[in-house]
Amino acid sequence: MSHPQAATEFLKDQAKAKWHDETLWFVRDKRDRISKTIPEWEDLRNLASQIKENVLSKLDVYLEEYEKKALQNGIQVHWAKDAEEHNQIVLSILQKQQCTAIVKSKSILTEECHLNPYLEKNGIEVVDTDLGERIVQFLNQPPSHIVLPAIHLKKGEISELFHEKLHTEKGNEDPAYLTHAARLHLREKFLNAKVAITGVNFAVAETGEFVVCTNEGNADMGVHLADVHIACMGIEKIIPRRKDLGVFLRLLARSATGQPVTNYNSHFRSPSAGKEIHVILVDNGRTAQLARDKFRNSLKCIRCGACMNTCPIYRRSGGFSYGSTVPGPIGSILSPGLDMKKYSTLPFASTLCGSCSDVCPVKINIHEQLYEWRQEITKTHGELGKGLSMKLANGIFKSPLAYKISGNLMRTALKTLPKSLIYHPINSWGKGRNLPETPQESFKEWYQKNRK
Amino acid sequence: MNLKAPHVGLFIPCYVDQFYPSVGIATLQLLEKFGCRVSYPLGQTCCGQPMANAGYERDTEGTARHFISLFKDFDYIVAPSGSCVLHVKEHFPKLQDLETEQHEIHDKIFELTEFLTDILKVKDIQGKFPHKVGYHASCHGQRGLRLASSSEMNGTPFNKAKSLLENLEGLEWMTLSRTDECCGFGGTFSVTEEALSLRMGKDRLDDHEQHQVEILTGGDMSCIMHLQGIASREGRKVKFMHLAEILNQAIQ
Amino acid sequence: MSSRASILNSIKAIALEEKTLPELPSFGISEEIVTAFKRSIEGNKGEIMSEMEFLDWLSESSWAKVYSAVLAYASASNLVLPKDPHDLEDLNLAILEGQFGVAENGAIWLDDRQLPHRAIPFITEHLVIVLKKSRLFPTLHQAYEEIGNEFSGFGLFIAGPSKTADIEQSLVIGAHGAKSLRVVLV
């Protein structure tokens with residue numbers, strides 16, 4: 001389904017669409033309020049952007065430095081060129097451990113690689129332990145938002161789901177009650193998992209450590225009880241120095257949820273005695289994006305989701321309407337790089353309002369990249385008709401006479417055509433809007449009469 | 001360049017020329033009231049934005065050359081449209097042989113309200129406009145030209161249109177719930193993502209209605225055309241005027 | 001060619017011009033530091049206690065399983081620390097020492113030296129952290145300056161009790177980690 005089709009479907013349930021929009025606006029508003037308590041907020045954004053641009057300009061140097069330090073600390077480092085290889089590495093570690101049941105905390109990268117179905121196909125039980133992710137896992141859905149995976153679901157739906165899966169009281173929608181049920185259910189999984197998988201928020205080249213941020217504590221509950229910790233990261237998650245964490249951790253939670261900081265920020269440098277930590281560095285299209293001058297800066301992304309919360313389109317069409325692992329504005333500039341044809345409607349699912357770029361903590365020029373992707377997409381995938389009509393339009397606008405004639409024709413036609421023709425379903429404008437009234441004369445005509 | 005009476009080239013967006021000539025007239029009269037010598041190059045057509053935003057910037061060379069040839073010799077170029085001005089500044093295809101002219105145009109083209117506040121330095125406008133006014137912050141003007149501070153950014157609040165309107169006698173500037181959310185027009189978006197476009201427009205209208213706005217105003221007729229289209233289809237009471245029309249009417 | 005080599009070669013082939021890594025200014029806060037820290041902890045749904053209040057609270061409550069890693073309160077422990085952290089699954093209360101706190105967000109730093117098992121602050125039902133008032137810093141910038149080049153296999157900034165808002169954005173305290181955090185400011 002294209003984005004326009006999916007969006008139209010989503011909007012059919014007007015009450016739910018309104019609720020979805022208001023809920024996400026509430027999160028955007030929280031972000032606004034807290035960012036205004038930090039006088040140096042815009043300076044922090046500038047610094048974060050500059051740090052990430054430095055990283056992208058010498059990514060190979062930092063990756064090699066990171067690997068060296070991590071190895072010195074006793075962390076095992078793997079490199080995966082694509083999703084397939086990433087999944088194979090994870091499986092091989094599990095097989096070596098003879099482990100068939102694991103717990104996983106939030107990692108959009110593992111979503112991107114479709115790790116869960118791959119492991120399940122190979123006989124591994126995967127339990128996503130972030131509450132929102134567990135909910136969508138039960139429903140066989142992907143997350144609809146990278147930070148708030150179940151934002152599209154109401155508590156009634158979750159109550160029904162938990163009644164079925166966890167045998168909670170029918171009709172009890174109390175979030176505290178439902179969360180407590182999930183706590184008990186997942187605690188059992190934590191206690192029995194020999195291997196735990198996490199994502200990586202930041203990996204520090206200087207020290208070889210990496211940081212995982214959660215509010216629930218699920219990443220840590222998994223890894224500290226397991227024997228083996230596998231951390232999956234995109235290669236762009238590197239930052240140069242430990243102190244750079246000060247900048248990023250001040251921006252991340254405030255941008256994502258409007259909190260001063262996530263509850264837990266765990267810095268992993270060395271495994272505990274007798275245990276293992278593995279880091280898998282994943283490319284999967286990132287080096288290709290790095291090579292694209294106009295789109296390179298999309299790799300600065302720290303996966304905060306602020307762009308989704310502010311986007312008037314995302315809020316009114318939902319994450320699923322994008323059909324991509326990462327939805328919303330950032331998803332719309334990352335995904336065409338992976339498959340231009342599949343994601344060709346995404347850069348057009350925007351009015352280019354620019355709010356996304358303003359909220360991005362690392363100052364990615366998202367709305368400009370959306371515009372640039374449109375130029376790329378029409379070069380390869382412009383429908384013949386649209387290309388022709390655009391050339392025609394240029395022809396008209398290049399010549400004053402042609403413009404005058406077509407303008408007159410258009411205005412005359414609108415005056416004389418019956419309403420039924422103008423408002424034919426093919427004319428989308430007219431579905432819910434009237435056309436402007438046609439004036440007697442154009443401005444040009446008035447000017448020639450009155451001023452020349 | 002005569003600073004006392006700058007020679008302004010009036011740039012009227014194609015859809016304003018065709019459908020809202022009163023906005024063009026108001027802009028012309030307003031600039032003259034502030035002492036400008038205004039000319040309107042008759043050969044002007046369109047800035048090329050609809051094509052560029054649809055992904056065909058490379059095909060707008062003809063349009064861009066035509067624009068540059070018509071406007072390059074004015075002291076200033078002024079248009080009652082933030083999006084058209086932004087387009088000329090940032091999305092004209094780069095023309096090697098017209099590099100100087102392009103740079104100069106970039107620096108001397110202005111949207112109407114910023115021209116009044118930043119160049120003419122208009123202050124303390126005397127006039128009457130006893131109405132409850134709601135401001136629609138058209139996105140390209142808002143975040144492209146920074147005509148007002150954005151609610152999502154951390155900085156000193158300002159609003160160029162408000163500074164021009166707020167002292168008009170009787171004018172009440174109504175505060176909205178979402179001060180700078182997009183109306184959903186977005187050019188071809190308005191037809192390619194019609195359901196979303198409509199929903200966004202309705203939400204903006206609801207916001208203005210909930211805050212007792214009598215007259216919805218803004219700097220871009222494209223947004224207003226979209227909102228007015230919905231309002232008239234749905235029989236909503238709110239009226240629409242471009243900022244130029246309000247100022248021109250209020251100032252004698 | 002190994003994936004490592006092909007990834008690194010792909011990056012090197014792009015041959016980008018290096019962009020400058022900025023120096024970091026040291027931002028502070030305008031509020032008095034202890035007040036700010038207290039407000040942050042309370043905002044995160046944690047609780048601040050004086051030592052007196054803590055001792056009162058401790059004597060009034062009866063927990064089945066308590067473990068204190070803080071020498072001053074060793075008498076509060078009623079168990080011997082097991083070798084396997086799994087055996088702490090029914091731990092009711094853990095008392096730990098924090099190295100320092102951050103006023104802007106309530107984050108408290110602990111590392112392996114304060115954590116006999118890394119799992120303790122997460123697996124315990126309730127958590128108490130003892131912190132010196134004199135060891136509070138304004139922002140994370142000063143925090144990382146303080147940590148400096150210190151080497152610990154594991155370090156944690158913890159800022160409150162475990163929480164989630166995944167169900168219709170309703171805040172629920174006590175997701176998978178500790179259901180409460182009390183900070184004893186001494």
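**View 1. An open sheet of eight strands built from chains A and C in the predicted model.** The strands follow the order S8(A)-S5(A)-S6(A)-S9(A)-S8(C)-S5(C)-S4(C)-S7(C), and their pairing is mixed. At the edges are strand S8 (238–239) of chain A and strand S7 (136–137) of chain C, each of which pairs on one side only.

**View 2. Helix H12 of chain A on the sheet.**

**View 3. Pairing of strand S9 of chain A with strand S8 of chain C.** Residues 264–268 of chain A and residues 154–158 of chain C run in the antiparallel sense, with five bridges. Within this pairing, Asn265(A) stands opposite Phe157(C), and Ser266(A) has Leu156(C) as its bridge partner.

**View 4. The contact between chains A and C.** Chain A contributes 66 residues and chain C contributes 57 residues. On the side of chain A that touches chain C, helix H10 (residues 175–192) gives the most, with seven residues. By residue class, this side of chain A holds 30 nonpolar, 19 polar and 17 charged residues.

**View 5. Confidence of the prediction for chain C and for the complex.** Chain C has an average pLDDT of 97, and 100% of its residues score at least 70. For the complex, the predictor gives an ipTM of 0.98 and a pTM of 0.95.

Definitions and conventions: Residues are numbered from 1 along each chain as its sequence is written. Chains are lettered from A and ligands numbered from 1 in the order in which they are written. This is a predicted model: local features need pLDDT of at least 70, side-chain atom pairs count only at pLDDT 80 or more; totals for chains, interfaces and linings use all residues. Two residues are in contact if their C-beta atoms, placed from the backbone, lie within 7 Å. Helices (H or I, at least four residues) and strands (E, at least two) are DSSP runs, numbered from the N terminus. Ala, Val, Leu, Ile, Met, Phe, Trp, Tyr, Cys and Pro count as nonpolar, Asp, Glu, Lys and Arg as charged, and the others, Gly among them, as polar. Two strands pair if DSSP finds at least two bridges between them. pLDDT is the predictor's confidence in each residue, from 0 to 100. Axes are lines fitted to C-alpha atoms, for helices over the stretch in contact, and angles run from 0 to 180 degrees between N-to-C directions.
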